[in-house]
Amino acid sequence: MAHSLHHSILIRGGHVIDPGRMNGPAEVLIENGKIVAVGHNLAVPSRGQDASLRTIDATGQLVLPGFVDLHVHLREPGFEYKETIQTGTASAVAGGFTSVCCMPNTNPVNDNQAITEFILDQARAAGNAHVFPVGAVTKGSEGKELAEIGDLRRAGCVAISDDGRPVMNSLVMRRAMEYALAFDLPVIDHCEDLHLSEGGCMNEGLVSTQLGLQGIPAAAEDVMVARNLALAELTGARLHLAHVSTAGSVRMVREAKARGIRVTAEACPHHFSLTEEAVRDFNTLAKMNPPLRTWQDIQAIKEGLRDGTIDVIATDHAPHATQDKQREFAEAPFGIVGLETALPLTLALVEEGVLSLEAAVAKLTTAPAQTFSLTKGTLAPGADADVVVVDAQRQWEVDPSRFRSKSTNTPFAGWKVKGLATTTIVAGNVVYELA
Amino acid sequence: MSLKRKDLTSIASLSPDEIMLILETADSFKEVTGREIKKVPALRGKTVVNFFFEPSTRTRTSFELAAKRLSADVINFSPSSSSIVKGESLLDTARNIEAMQADIIVLRHPSAGAAETLARGVKSSVINAGDGWHEHPTQALLDLFTLREKKLEFKGLRVAIVGDLAHSRVARSNIYALTKLGAEVRAVGPPTMIPACLEKLGVRVYYDMDEALRGVDVIMMLRLQLERQGRALFPTIREYSRLYGLTADRLRLAEPDALVMHPGPVNRGVEIAPEVADSFASVILDQVTNGVAVRMGVLYLLSGAN
């Protein structure tokens with residue numbers, strides 16, 4: 001590992017937010033990879049010369065649990081030219097994320113134990129963030145036969161999803177939900193009716209009409225959200241809805257939660273920061289799936305984040321090489337990188353008054369950890385020492401050429417934003433420091 | 001007077017003054033095309049590349065003739081003969097053509113936005129000869145030219161555009177052009193062929209053709225893409241034709257001197273009855289003639305030769 005090891009780290013002078021547990025000035029003491037204490041005037045164990053103690057001055061900064069991203073694409077195995085587990089996790093820690101859940105749409109698909117183990121091996125070798133693989137729902141994500149979900153679970157998968165290739169057959173989805181119950185494994189769906197969205201490349205609406213691009217109606221998402229909620233109610237499964245993008249989805253999830261259905265939902269920063277207008281000059285960097293929607297949808301997502309309908313902020317980090325995106329709009333692949341811009345875009349919600357600072361931190365830490373039952377996202381004594389120090393006032397301009405990710409496909413280039421991770425610690429090791 | 005722009009990729013980006021400048025420039029070239037020797041030296045020494053990714057006889061020929069009548073050198077590129085099949089990107093291929101000092105690239109491409117993408121990537125002027133369902137600016141310009149030639153004022157002109165507007169670049173360019181110049185545009189077709197939020201472009205939408213045609217000055221028919229039948233846009237050609245075909249009876253609902261237009265190629269007996277296509281009301285062949293003059297005007301204005 002490139003980074004230095006410290007047996008003890010003391011983070012002093014910062015404002016600690018551990019959602020639901022602590023919100024105020026405090027010190028954080030880390031020893032042997034674990035959080036030892038959060039408080040004042042912490043007794044640092046004396047070890048003679050004390051060569052192994054490192055002190056981090058966090059004066060004027062926030063000290064937070066490392067962020068947990070439930071939705072990333074690390075592209076390895078199969079698409080290493082877009083991203084590798086090494087570069088993807090380097091990007092994660094630069095953005096303050098210490099745990100990422102990687103989607104199974106690699107090549108081969110992560111639908112078996114061997115691939116899951118390979119991913120975990122690569123993650124260990126990279127030594128950046130913790131990686132929690134998401135296994136496929138069906139073999140090859142073909143939507144037909146169930147993958148060996150029990151094996152995937154045993155190998156380390158924390159949820160199942162056929163992300164990007166949603167399970168269209170409702171019976172298969174029902175069986176997957178039922179089967180996953182045996183392992184209490186969350187079932188994630190990328191909600192998209194592939195018939196309604198066929199050929200579409202942006203939101204269906206005024207802009208798609210003006211540009212002559214085939215639209216993807218909001219109903220393509222809503223129809224599947226409705227189906228999945230009905231199946232979750234039928235089966236009692238833990239349903240997690242990926243990247244909610246429509247006002248209709250938010251409304252249905254809110255209603256389902258009120259009725260006690262076990263459903264959680266995530267929203268991506270781009271879906272609350274940009275509208276379909278970003279596509280107007282055929283900008284392939286604004287092409288993702290689900291597509292950027294309308295101002296009304298953004299308002300609904302913000303309201304959903306505020307009232308708890310949407311539990312989690314996740315990035316859907318989807319790296320693509322320059323040559324992939326430099327194509328005609330309809331042919332360019334969906335997706336943008338997100339790990340290194342999620343923090344400031346989330347903090348903008350605090351500035352805007354949508355979320356309190358603690359609630360915003362919770363959407364990136366405690367809430368995602370809880371959603372997939374990960375023992376992460378907290379600074380409780382005894383927890384893994386995954387910590388991020390954030391300068392919330394630091395202004396910076398998004399410059400993709402400085403990303404740690406292998407890819408630079410972001411629509412936020414040139415944005416003046418506020419809030420930056422300055423130090424990231426994973427399991428007691430400083431894995432990232434702002435230069 | 002000149003166009004202060006490198007490219008012509010859309011009508012949406014043109015001002016009414018720019019549109020009128022192109023039409024006025026085309027006037028003088030129309031006169032040239034009527035001469036015995038239909039050639040002027042305006043673009044001598046310039047190279048125009050016709051870069052066509054979709055089969056097209058009429059538009060490509062029209063551009064080729066226009067360029068040749070301006071004395072430009074013309075090269076035709078099409079996918080089967082170019083390196084596109086070898087996996088080279090549109091931009092790379094275009095940069096290669098540019099490296100051969102092409103002054104103007106005329107692009108026809110199945111993907112919306114292709115012309116704008118290309119225009120951003122090369123120094124040559126780019127003329128959009130149709131990009132997906134997005135725009136076909138020179139078609140709209142030649143339609144305007146034809147209407148103006150028939151001494152019609154654009155302001156208050158009532159124009160019905162009938163057919164599959166959702167998948168039509170001709171419809172989009174004409175909607176932008178006509179509304180910019182003050183015409184009243186009626187969009188007519190089954191709801192499956194009317195794209196989302198079309199009214200926001202300043203047009204009125206009709207599903208009933210008879211109602212829509214009442215009192216119009218111009219009927220612009222769109223070509224029905226017959227292969228779309230399988231995609232649940234309309235049940236059968238028979239039913240489409242009965243509901244949205246332009247018959248002699250329907251033509252009588254319009255103003256007595258109404259004009260009938262069609263960008264071609266015509267599906268006779270489907271969207272337009274043969275006797276209507278061949279009637280005095282039809283200006284379909286005038287459109288074709290004027291296409292050459294209008295494209296000469298556009299090539300001339302973009303070449304910087306003026």
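Thr89(A) counts as buried, since its relative accessibility is 0%. That value, like the rest of what follows, comes from a predicted model. Thr89(A) sits in helix 1 of chain A, which covers residues 85-94. From there, the side chain of Thr89(A) reaches back to the backbone oxygen of Gln86(A), at 3.1 Å. Beyond its neighbours within four places in sequence, Thr89(A) is in contact with Leu74(A), Ala126(A), Asn128(A), Ala129(A) and Val131(A).

Next comes the sheet. Chain A has an open sheet of eight strands, and these follow the order 8-9-10-11-12-15-16-17 with parallel pairing. Strand 8 (67-72) and strand 17 (312-313) of chain A are the edge strands, each with pairing on one side only. One of the pairs here joins strand 11 (residues 159-161) and strand 12 (residues 187-189) of chain A, which run parallel and share two bridges. Within this pair, Ile160(A) has Val187(A) of strand 12 opposite it.

Helix 4 of chain A, residues 170-181, packs on this sheet and touches strand 11, strand 12 and strand 15 (239-241) of chain A. The direction of helix 4 makes about 150° with that of strand 12 of chain A. Another helix of chain A, helix 8 (residues 247-258), lies across strand 15 and strand 16 (263-267). Helix 8 runs at about 150° to strand 16 of chain A.

As for the cysteines, a search of the whole structure turns up zero disulfides over all chains. Cys191(A) is in no disulfide, and its nearest cysteine sulfur belongs to Cys268(A), 12 Å away. Seen from the other end, the cysteine sulfur closest to that of Cys268(A) is in Cys191(A), and because 12 Å lies between them, they are too far apart for a bond; a disulfide would need the two sulfurs within 2.5 Å.

The size of an interface is often expressed as the accessible area lost when the parts come together. For chain B and chain A, about 1500 Å² is buried between them, with 55% of it on carbon and sulfur atoms. On the chain B side, Ala112(B), Trp133(B) and Ala196(B) supply 26% of the area that chain B buries against chain A, more than any other three residues.

Note on methods:
Residues numbered from 1 in each chain as written. Chains lettered and ligands numbered in written order. Predicted model: local features only at pLDDT ≥ 70, side-chain atom pairs only at ≥ 80, totals over all residues. Heavy atoms only, no water. Helix = DSSP H or I, 4+ residues; strand = E, 2+ residues; numbered from the N terminus. Buried < 20%, exposed > 50% of the residue type's maximum accessible area, 1.4 Å probe, protein only. Polar contact = N/O pair within 3.5 Å; in protein donor to acceptor, adjacent residues only side chain to side chain. Contact = heavy atoms within 4.5 Å. Pairing = 2+ DSSP bridges. Axes fitted to C-alpha atoms, helices over the stretch in contact; angles between N-to-C directions. Buried area = accessible area lost by both parts, 1.4 Å probe.
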